[in-house]
Amino acid sequence: MRIPMEVRGQLATRFEVLLPHLNERQQRLALAVEARLLGRGGVRAVAQVAGVSETTVRKGVFELEAGEEPLSPGRVRRPGGGRKPAAQQDPDLVTALLALVEPDERGDPMSPLRWTTKSLRHVAGELTRQGHPVSAPTVGRLLRREGFSLQANVKTLEGAQHPDRDAQFRYLNEQVKDHQADGEPVVSVDTKKREQLGRLPMAGREWRPKGQPVKVEDHHFFFTGPEVEQAIPYGIYDLTRTTGWVNVGVDHDTSVFAVASIRRWWRARGSRDYPKASRLLITADAGGSNGYRHRVWKSELAALAAETGLVVTVCHFPPGTSKWNKIEHRLFSHITFNWRGRPLTSHEVVVKTIASTTTRSGLRVEAALDPGDYPTGVAISKQRFDALPLRRHATHSAWNYTLHPQSVFPSTQPEPVAEQDGSARRRQAMLGRLADPRLTGMTTTDLQQLAALLAPAQAARTQQRHAEQRGGRARRAAGRLRGRPLFDDAARLLLTLVYQRQVCSMTVLADLLEVTDTCIGSLVHETREALEDHAHNPGIASVRFATAHDLLAFLDQDLRPARTAIIHTLSAPVLTGMSRQELHQLTQRLTPRQAAHAERRTHQRRGGPRQPGTRGGVFPQKISNSERVLLTVLHLRRLCTLDVLTDALGDVCRSAIGNAVRGTRPLLEQDGRIPPPAPIRYRTATELLTAATASRDTPTT
């Protein structure tokens with residue numbers, strides 16, 4: 001039967017309004033009702049108006065005529081409809097899937113995906129290759145049904161735990177509660193990861209107009225080397241007031257910088273928030289610039305205690321437990337979240353971004369820029385450290401200690417070792433004393449002329465070192481160096497001359513100048529190459545000092561070490577058979593051969609050439625080259641036995657003297673200077689020294 005156009009228009013209007021609000025089954029039944037009302041030809045007319053298949057309308061009519069019960073709420077189709085699940089069609093699919101994705105510790109060691117990323121597409125491709133065709137979305141559904149989910153690594157493994165770990169945590173908690181109960185400040189301190197400044201990519205995202213991301217450099221190696229500016233945030237988090245204070249340094253993360261940050265916090269916030277405070281508790285990690293092993297850290301805290309009048313107590317977290325430090329997740333994490341996706345282009349950006357960090361729990365942060373110099377290599381002597389007003393606690397004394405504002409030794413009040421304080425002045429004064437001509441072997445004028453001559457070579461080597469640190473030539477305009485070095489070129493030359501002349505060891509120089517042995521070794525290694533390029537031979541000093549006390553006594557009172565006097569006595573012509581001038585000339589001739597012989601011997605012990613970057617010190621043994629020549633001459637003249645020479649020197653063993661004689665004798669033979677035997681033989685060291693003292697300075701044969 002022909003359906004009028006008017007009826008078709010009415011159907012189209014109803015369908016346009018009603019069908020978008022119905023699900024698949026409801027639409028089918030609604031169309032079937034209209035088709036039945038129209039009678040013959042209604043199925044085709046309804047299908048044409050609604051834009052569906054006649055089969056769909058006819059299926060709805062059959063469902064109405066069959067009188068089926070309504071489906072349960074939420075269902076569109078009867079149970080069992082649709083394609084069967086892949087796990088039912090392929091019973092071995094789940095087993096094969098679990099064999100691929102289960103953890104490596106329990107899985108098949110020969111699994112094809114053991115060393116590749118287990119993405120859904122990789123797993124689906126491998127299952128298809130094994131004869132289980134499946135899609136990536138189906139793999140995802142099967143994994144979720146089996147209890148799998150995407151998971152990142154969890155930092156829970158702490159390695160070997162210290163036996164006092166739990167006891168230290170309990171003790172630290174008791175100290176915190178005790179200080180907070182008395183209204184005393186309790187702070188958590190640490191250094192955040194240093195950040196290089198520039199248009200460098202930062203992790204994270206932030207809202208920006210679509211298609212307009214912040215453009216940054218695609219490589220980090222453009223920003224390497226000592227000229228690149230950096231920011232070193234050192235944080236102080238107040239556990240009681242939930243406030244943070246960050247000191248942004250620009251030089252190095254040293255112990256001096258760490259305590260300077262705490263000092264700046266106390267002046268800016270601590271003294272205002274706790275005007276009646278008499279104690280301060282600091283919780284810190286076991287390592288880093290505020291580690292419990294650093295003497296400078298404790299020395300600077302002692303100076304802080306003396307300056308502020310506070311009793312400073314420090315409790316360190318056990319090694320490997322830095323994540324329990326409150327500042328990590330109560331301050332630093334929020335700072336990182338606040339500057340996500342934002343390049344740190346300047347120190348101003350860093351400071352303002354940190355200062356704007358807040359949380360809904362009430363965290364407030366202040367930040368300040370610290371442009372001071374904090375060079376590496378600063379140290380203090382053991383004597384100064386022993387004089388600190390430091391009291392170790394009974395519970396793990398290495399991790400828990402207190403520094404009092406008043407020293408038990410009034411004459412040794414702790415002083416800051418920061419470069420702007422007394423350490424730099426003391427270092428400059430000591431350099432002036434070490435420039436003594438008796439130590440350097442040249443006058444002040446000659447030393448200044450040599451320094452001027454070597455200045456270009458030293459500057460060139462400095463640039464070469466910076467290029468090696470950068471990994472190539474500078475690709476950006478050089479800025480200010482991160483910090484002023486501890487020693488200028490003239491001081492480096494002076495220390496190298498003193499060391500090369502075998503006046504003392506690197507350890508003695510480090511104690512005198514309050515720096516580390518590594519600092520002295522690095523500058524000697526660089527400056528010695530410049531001296532060798534200019535063919536300058538510093539010679540060997542006539543005196544040698546084993547301790548800093550002996551060297552200072554020589555400079556102040558001209559007190560020479562006992563061994564120097566003994567060597568001078570043994571150099572008497574009556575014993576050596578030659579004048580002192582001839583003995584000195586012989587020593588000078590043999591010095592290059594001795595150095596070559598020593599290098600050849602160390603090369604044999606190493607089994608190959610010296611590794612790049614090693615210092616190659618000049619003190620491989622306790623007996624100097626000049627002493628070796630003297631002892632060999634005395635032994636070859638058969639004046640006494642090796643035991644008598646050992647007793648005469650007093651501070652070396654018989655085997656050391658024997659090795660010196662065996663190594664120097666071939667050199668004397670090559671020089672053609674084998675001394676004749678002496679007419680007298682001495683059986684004791686006393687007889688030997690007495691004979692040398694009683695004789696005149698004239699050689700005897």
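Me: What makes H18 roughly perpendicular to H20?
Reply: In this predicted model, helix H18 (residues 489-500) packs against helix H20 (residues 517-533) at an angle of about 90°, and their axes are 9 Å apart. Angles of 65 to 115 degrees count as roughly perpendicular, so H18 and H20 get that label.

Me: OK, and which residues in H18 and H20 meet?
Reply: From H18 you've got Arg-492, Leu-493, Leu-495, Thr-496, Leu-497, Tyr-499 and Gln-500, and they meet Ile-520, Leu-523, Val-524, Glu-526, Thr-527, Arg-528 and Leu-531 of H20. Sorted by class, that contact has eight nonpolar, three polar and three charged residues.

Me: Why is Leu-388 called buried?
Reply: Its relative accessibility is 9%, and buried means under 20%, so Leu-388 counts as buried. You'll find Leu-388 in the loop between helix H14 (382-386) and strand E8 (390-392). Its C-alpha atom is separated by 9.3 Å from that of Gln-406, 18 residues apart along the chain.

Me: And how much of the chain counts as buried?
Reply: Of its 701 residues, 43% do. The chain has 28 helices and nine strands. Among contacts with a separation of 6 or more, 74% come from residues 24 or more positions apart.

Methods
Residues numbered from 1 in each chain as written. Predicted model: local features only at pLDDT ≥ 70, side-chain atom pairs only at ≥ 80, totals over all residues. Heavy atoms only, no water. Axes fitted to C-alpha atoms, helices over the stretch in contact; angles between N-to-C directions. Helix = DSSP H or I, 4+ residues; strand = E, 2+ residues; numbered from the N terminus. Parallel < 35°, antiparallel > 145°, perpendicular 65-115°, else oblique. Contact = heavy atoms within 4.5 Å. Nonpolar A, V, L, I, M, F, W, Y, C, P; charged D, E, K, R; others polar. Buried < 20%, exposed > 50% of the residue type's maximum accessible area, 1.4 Å probe, protein only.
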